[in-house]
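Here is my note on the model, as numbered points.

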Amino acid sequence: MLIAGFPAGSWAANCYVVATGPGAECVVVDPGQDAAPGVAEIVREHHLKPVAVLLTHGHIDHMWSVTPVAGTYDATAWIHPSDRHLLADPMAGISSETAAMLLGGRYEFVEPDDVAELADGQTLQLAGLAVTVDHTPGHTQGSVTFRTPYLADDVSEVMFSGDLLFAGSIGRTDLPGGDHATMLETLRAKVLTLPDDVVVLPGHGDQTSIGRERATNPFLLDLADNGAAEQVTRGL
């Protein structure tokens, strides 16, 4: 499998290009601010053909370039319906401070020509990849993660976690559409249930693994401790 990633724009949101190998079709995950040149460079270098753009959520730092990237390669953009409105109105999903900064410039956002909606638990067959979609609300109402098998003895899957899970941390929940209690339930149901050997490619920062985060991430440790306490209480 070929996975190439780079931090895009002033928010350094990770954009990924994923393919079965050189010379194949590919998918682009989260093309953020100024991501189009980086995507084009990877596509040229590995002789790839983008067929889909996958969005983990609708925040502007992850979808700024979705329309130009999807349009350049005649690719379908995939997003959860709860975040679809952010494609054309990304200011609805950011803080007032960020909106004020951006409104000093001239920016126009429109939906790509071809948009498809994601559903929890579905498996997309794209570019020779089987991509499992998990609806993971908390950071935004329409946040999702994408998992795909990785053929290695010590790695069962790769998960593109967006702003759900980072190395040592989790996504913020204080922006419009965020909810901390929902985030904790998502982490409990959709992260702690995964095998330790799943590699996590987050929306910001370095890659990690479910096992590493289960053992060291303070937010997951708190969830595990609380779950154990609840089990003891019910046993009494």
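1. Arg84 is partly exposed, with a relative accessible area of 24%; buried means under 20%, exposed over 50% and partly exposed in between, with a 1.4 Å probe and protein chains only. Its side chain meets that of Glu117 in a salt bridge of 3.2 Å, N to O, the term meaning a side-chain nitrogen of Lys or Arg within 4 Å of a carboxyl oxygen of Asp or Glu. Arg84 lies in the loop between strand S5 (76-79) and helix H4 (96-102) and Glu117 in strand S6 (residues 115-117), so the pair ties together parts that are 33 residues apart in sequence. Glu117 is partly exposed too, at 40%.

2. This is a predicted model, in which local features need pLDDT of at least 70 and side-chain atom pairs count only at pLDDT 80 or more, while totals for chains, interfaces and linings use all residues. Residues are numbered from 1 along each chain as its sequence is written, and side-chain values use heavy atoms, with hydrogens and water left out. Helices (H or I, at least four residues) and strands (E, at least two) are DSSP runs, numbered from the N terminus.

3. The structure holds 8 salt bridges. One of them joins Asp134 and Arg147 at 2.8 Å, N to O. This pair links strand S8, which holds Asp134, to strand S9, which holds Arg147, 13 residues apart. Both residues are buried.

4. Glu185 and Arg188 also form a salt bridge, at 2.8 Å, N to O. The two are 3 residues apart in helix H5 (residues 180-191), about one helical turn. Glu185 is partly exposed at 42% relative accessibility, and Arg188 is partly exposed at 32%. Elsewhere, bridges that share partners join Arg84, Glu111 and Glu117 into one network.

5. Ring pairs link Trp11, Trp64 and Phe109 into a cluster. Rings of Phe, Tyr and Trp (its six-membered ring) pair if their centres lie within 6.5 Å; planes under 30 degrees apart count as stacked, over 60 as edge-to-face and the rest as tilted. The count comes to 3 aromatic pairs. Trp11 and Trp64 have ring centres 6.1 Å apart and planes at 50°, so this pair is tilted.
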